[in-house]
Amino acid sequence: MPTTTQLVISGKSRPGVMAQVASVLGSAGVNIKAFSAPEVIGTGTGKLRLLVADLDGARRALKAAKIKFGEETALLLSLENKPGALNEVADLLTGARINIKCGYCTPSREGKRAIVVLTVSNTEKALSILRDQSLDEF
């Protein structure tokens, strides 16, 4: 099971943030492969998390546009797209006392697998626990 680096942009939830980031990355030729953009209810703030095809290109483009960002390691899982698949993973992590800090998913193009992105409290331990969950390419 591979890991990846996801970009994290924190700030106020307001019109145009996603458009600006998408424009900056698109103009730089950087493809956004996945994103999550939840808003924290009551505070109006949120974190935009992005997986991109060209991490170095995205870093350069965001810095040039003066868009502040952080980075975090995320796990990439390929799960069978069926009821209970995520529960199996969550139970394994719970049993190991590993907290899931963030997660999002999308079905594969064929719909038979679900691509799951997780950030966890202990990446190395999670890698050893979930070693049977794999992903060839995302």
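Predicted model: local features only at pLDDT ≥ 70, side-chain atom pairs only at ≥ 80, totals over all residues.
## Strand pairing

Residues are numbered from 1 along each chain as its sequence is written, and side-chain values use heavy atoms, with hydrogens and water left out.

Two strands count as paired if DSSP finds at least two bridges between them. β5 also pairs with strand β7 (residues 113-120), again in the antiparallel sense and over six bridges. There, L75 has L118 in β7 as its bridge partner. In a regular strand the side chains alternate between the two faces of the sheet.

## Overall fold

The chain has four helices and seven strands, taken as DSSP runs numbered from the N terminus (helices: H or I, at least four residues; strands: E, at least two). Their order along the sequence is β-α-β-β-β-α-β-α-β-β-α. The radius of gyration is 16 Å, close to the 14 Å that the globule rule gives for 138 residues, so the chain is as compact as a globular protein of that length. Here the radius is taken over C-alpha atoms, and the rule is 2.2 Å times the number of residues to the power 0.38.

Along its principal axes, the C-alpha trace spans about 40 × 35 × 25 Å. Among contacts with a separation of 6 or more, 69% come from residues 24 or more positions apart; a contact means heavy atoms within 4.5 Å.

## Surface and charge

Of the 138 residues, 34% count as buried (buried is under 20% relative accessible area, exposed over 50%, partly exposed in between; 1.4 Å probe, protein chains only). The chain exposes about 8300 Å², with carbon and sulfur atoms supplying 48% of that area, by the Shrake-Rupley method with a 1.4 Å probe.

There are 18 positive and 13 negative side chains, and the centres of the two sets lie 8 Å apart. Lys and Arg count as positive and Asp and Glu as negative, leaving out His and the chain ends; each charge is placed at NZ of Lys, CZ of Arg, CG of Asp or CD of Glu.

## Two loop residues with positive phi

K66 sits in the loop between α2 (55-64) and β5. Its phi is near 60 degrees, a positive value in a residue other than glycine, and K66 is exposed, with a relative accessible area of 74%.

R97 lies in the loop between α3 (85-95) and β6 (100-107). For R97, phi is likewise near 60 degrees, and the residue is exposed at a relative accessible area of 77%.
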